[in-house]
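Please look over the model below before reading on. My notes follow as numbered points.

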Amino acid sequence: MGGTCRGSALTPGAGGPGAKAPGEKGSDDVDLLGRWKAELKEAIEQALSRAEAAGRIRLDGERSFEVEVPREKAHGDFSTNAALALARAAKTKPRDLAQVLVEELDLGSLGVERVEVAGPGFINFYLHRGWLHQVIPLILANPDRYGESRTEHPERILIEYVSANPTGPMNVVNARAAVVGDVLARCLAAVGHQVATEYYVNDAGRQVDLFAATVEARCRELKGEPFELPEDGYQGEDVREIARELLADYPDLLEWEPEARRAFLRREAPDRVVAQQKADLERYRVRFDRWFRERDLHEAGKVDAVVQRYQERGMSYEEDGAVWLATSRFGDEKDRVLIKSDGIPTYFLADIAYHQDKFERGFDRLIDIWGPDHHGHIVRTKAALEALGYPADRLEVLLLQLVTLTRGGEPVRMSKRAGEYVTLEDLLDEVGVDAARFTFLTRSLDAHLDFDLELAVRQSDENPVYYVQYAHARICSVFRQAFGEGADPAQHLPDPEQTDLTVLASDEEDDLLRHLVAFPSEVRLAAERREPHRLAFYAMELARRFHTFYAHHRILGEAPQVEAARLLLARATQLTLRRVLGMMGVTAPERM
């Protein structure tokens, strides 16, 4: 059913070269799709108010509805469920309400060609084709900011991830957590949140004592002295390497007083592991704003302070010589031990102190990325924070599923260094940083990931990172042909404001433009839904649409106005590929 809405017809040439984006928004807004949605939503809300004022409808309660991009182009450029969502409150049929809204709509100069009521009551909006063309000058004017938007409720967010124990090299699960956390932080910052990243070093407690004892035993082994590995000691060649380094730097280490030697090893051995972890992550293009030490919590008295605060709030009690926290009051299945009967604080207590420290630093929201084996810790941690007076929903825990490495269909388990697992260093040596980062983003956090080492380095369309990078390199090759070797395309491209972009009228060009328009929305969804893998999916689809366009249409050698428009389309695509790859921490090569 077609609709007749107030001011919905386009004036001649509207939406063509140099057309303004909806609502004359400021130049700092680079989310074209979001702006259109906001303008249309505002127009619908005004139509509701006019219909109420005219006595055509009566609404009680909240007016909540959505404006979205339909899955099928045949259903319009935008669609709203307003009539379906509000029909009950209006005490009318959805299609009848939809027709009233269409008749009351005043779309002004938005460039809507027609509006129709479809299905059970959806309202579909069909815009002048020129609305898509606006994205090209927008991208070219904001190449390093395209994809950004501004959330309505910006927060100070601290993301903590990886946090591998300082007792050995990082493995592939840590590698996955590193890139997921890194890219999620970039997405959250891109939509306007103030984001900090942190790595928590568990360098206190029994595991550090055990690690120090293991390193000491390896030092004695290397010196040819009698030695005995502690029960449950750490295995692997990496421990011997630390022992070799220590003996080279401190030849008389084994002659020190036992207590002084053990205290030194408790700090120095983990610190050397952490130094290697930092170096591996630096190579991996992952940098943390802060490396937080658990031992600092203990030395600053913050662990004891948490116990005292629980006592003051009446949340803890003593039983069987131990100190317990009443987490069962806040939904936990049972109470938890804070201090064991031997007087040693539990890891749980240190974790609570760490999370309280985060809040004391002024963060509004905490996001932790944990492995699937920590699922049972979520409820107790949230309960512990509630017992301190913090809202449980201010802590988000994302569980990251495991990784299986394969080569030629066979699982890969052995590591050159550790003897037990594949390290991050091994992985980067074999497939490189780009392939590793991109591959880890090809699945959602809650999905198990099969990482094919052979596929990751294959130069074919089957390899996602190669496929996307090749699209970028292919466009760079076009520019070299058009403008010469070493030429900067920005200095030679036609002015988009003076170019007739309406000649970009084929299905392939339309599909490519629509995907370019969608990029800021994908970044926003990646941030809001904590789904950084959306960037990889977006990049693969953008590359696919460009390759399809390139297979069907020439860029160079066409009529001058067509060549000019397609060069600008190619440039917008290249810049967006570079931007999304950059947000993923993946390079955008100019030659392949």
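1. How many positive and negative side chains does the protein chain have, and how far apart do the centres of the two sets lie? There are 76 positive and 100 negative side chains, with the two centres 3 Å apart. Lys and Arg count as positive, Asp and Glu as negative; His and the chain ends are not counted. Each charge is placed at NZ of Lys, CZ of Arg, CG of Asp or CD of Glu.

2. Ground rules. This is a predicted model, where local features need pLDDT of at least 70, side-chain atom pairs count only at pLDDT 80 or more, and totals for chains, interfaces and linings use all residues. Residues are numbered from 1 along each chain as its sequence is written, and side-chain values use heavy atoms, without hydrogens or water.

3. Overall build. The protein chain holds 21 helices and 16 strands (DSSP runs numbered from the N terminus: H or I of at least four residues for helices, E of at least two for strands). Its C-alpha trace spans about 90 × 65 × 40 Å along the principal axes.

4. Of 592 residues, 54% are buried (under 20% relative accessible area; exposed is over 50%, partly exposed in between; 1.4 Å probe, protein chains only). The chain exposes about 26,300 Å², and carbon and sulfur atoms supply 46% of that (Shrake-Rupley method, 1.4 Å probe). Take contacts (heavy atoms within 4.5 Å) between residues at least 6 apart in sequence: 72% join residues at least 24 apart.

5. Helix 11. This helix covers residues 302–313 and has twelve residues. It reaches 16 Å from first C-alpha to last, close to the 16 Å expected at 1.5 Å a residue (1.5 Å times one less than the number of residues). Val303, Val306, Val307 and Tyr310 are buried. Asp304 and Glu312 are exposed on the face turned away. Gly314 follows the helix, with a positive phi near 70°.

6. Packing partners. The buried residues of helix 11 pack against several elements, including helix 10 (294–299), strand 9 (316–319) and helix 12. Gln356 lies in helix 12 (residues 347–360). At 6% relative accessibility, Gln356 is buried. Beyond its neighbours within four places in sequence, Gln356 contacts Val306, Arg309, Leu388 and Tyr390.

7. Asn174. This residue sits in helix 6 (residues 172–190). Asn174 is buried, at 15% relative accessible area. Leaving aside neighbours within four places in sequence, Asn174 contacts Val162 and Ala164.
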